[in-house]
Amino acid sequence: MRLVSVKFPKAGIDWFTPALLLMILFGWLFPGPGLKTGMFSIKQLAGYGISVIFFLYGLRLSLGQLVKCAAHWKLHLVIQSVTFIIFPLLILIFRKFFADGEYGEIWLGVFFLAALPSTVSSAVVMVSLAGGNIPGAVFNATFSSIAGILITPLWMGLFIQGSGGTGLEILPVFTRLAYQILFPLAAGVALHPWLGDLAIRKKDFTRYFDQSVILAIVYSSFSASFSSGVFSGIGLPVILLLMLALLGLFALVNLLITIFVRRAGLPREDLIAALFCGSTKSLMHGSVMAKVLFSNVASAGLLLLPVLMYHAMQLALTGMMSQRFAAGKSKHG
C-alpha cells in the first residue's frame, strides 16, 4: 500500500489529508446530511463500514507471522509502553490546568489522541522506506491495533461522563466494540487461510474503502459539532497553539523513544521501528472509537480535532524522517 504519493514524496501527503479538510468544511457549510439518522443515513452506513474495515483487516492478518516475531520482547516493550502508558501520562500531567476550564474538551481530545493505538499500514511502510526492522514493525503495529480496542476505552472511561453525570459505562462500550469490531476482526482472521491472499492483493481497493468510511465519520462528527456551536469559542490562535503543542508532543515522544532504545541496547533497525510505531497514532481507530465513545456527544468533532491534526503532522514528519534514515543508510553503506 503506497502512502507516499508521487506528487509529494518527501512530505508524505496524498489526497486523503485534503479530503479530511474538505469533510470538515462540508460539515460547517452543509451539516444537514451528516445529522440525519436512519438505516441509510451517513452515520449508519459509516457504522456498517467500520465492521467491514475490521473484517478486511482480519483477512490480511497472519497470526503465524506474529507469533514468530513475539520473542523480540525489548522492542515490543518499548513501543507498547510508549503507546499506551507514556503517551497518556504526558497529557495527564496537564489535566489540572485545562480539564475544568474553558478548554477542557480540547484537553480531552488530546488525551483521546494519546490513548489511541499506533498506525498500522503507514508505520510499516515508513519503517520499510527507512530501512528499519519490518517484522518488528508489523508485530507491534498489529498488536497495538488489537490491544487498543480494549485499552483506549479503559483510559477514556476515567474522564468521560456517562448518563446521569457518572463515569463512562465500560460494559456497554465493550459490548458495542465486540459486535462492531472484535467479531468481524475474528471472522476475518478465521478466514485468512482461504481469503487472505486475495485480500492482500486487493489491499489498494480496501484502503480506499477504509478512507471513505473515515471521511464519512469525520463529516458526520463535525456536522453535529458545528450545528451545536461547540466551535464558536475556538479561534485561530487556539488552533495554532494546539498545533504547536502537538508538534512538541511528537518531538518529546521521539526523544523518549530514542533514550529508551539506546538504554535497552537495541540496534539502529529497532530504533527506526520504535520511532515510527511508537510516535504515530491511528486515525482509523480514532474515528471508530470516537463514533462509539462519543456517539451521543455534540462535541465529537471537537474531540476528534487533535487526532485529525496529529494525523496530518505525522504523515509529513514521518515522511521526512524516513527520507533522512534512508539517506543515512545509503551513506554508511
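Predicted model: local features only at pLDDT ≥ 70, side-chain atom pairs only at ≥ 80, totals over all residues.
**Stop one: two helices.** Start by selecting residues 104-115, helix α7, together with residues 236-263, helix α13. Their axes come within 12 Å and cross at roughly 30°. Angles under 35 degrees count as roughly parallel, so α7 is roughly parallel to α13. The crossing of α7 past α13 is right-handed. Now show the side chains that make the contact: Ile 106, Val 110 and Leu 113 from α7, and Val 238, Leu 242 and Leu 246 from α13.

**Stop two: a serine.** Next, pick Ser 287, which you will find in helix α15, residues 283-293. Is Ser 287 buried or exposed? Its relative accessible area is 0%, so Ser 287 is buried. Leaving aside residues up to four places away in sequence, Ser 287 touches Ile 214, Ile 217, Val 218 and Leu 304.

**Stop three: aromatic rings.** The structure holds 15 aromatic pairs. For one of them, select Phe 276 and Phe 325: the ring centres are 6.2 Å apart and the planes stand at 70°, so this pair is edge-to-face. Phe 276 belongs to helix α14 (residues 268-278) and Phe 325 to helix α16 (residues 300-331), so the pair ties together parts 49 residues apart in sequence. Both Phe 276 and Phe 325 are buried.

To finish, select Trp 107, Phe 111, Trp 155 and Phe 159, which ring pairs link into a cluster.

Notes:
Residues numbered from 1 in each chain as written. Heavy atoms only, no water. Axes fitted to C-alpha atoms, helices over the stretch in contact; angles between N-to-C directions. Helix = DSSP H or I, 4+ residues; strand = E, 2+ residues; numbered from the N terminus. Parallel < 35°, antiparallel > 145°, perpendicular 65-115°, else oblique. Left-handed = near helix turned anticlockwise from the far one by under 90°. Contact = heavy atoms within 4.5 Å. Buried < 20%, exposed > 50% of the residue type's maximum accessible area, 1.4 Å probe, protein only. Phe/Tyr/Trp six-rings, centres within 6.5 Å; stacked < 30°, edge-to-face > 60°.
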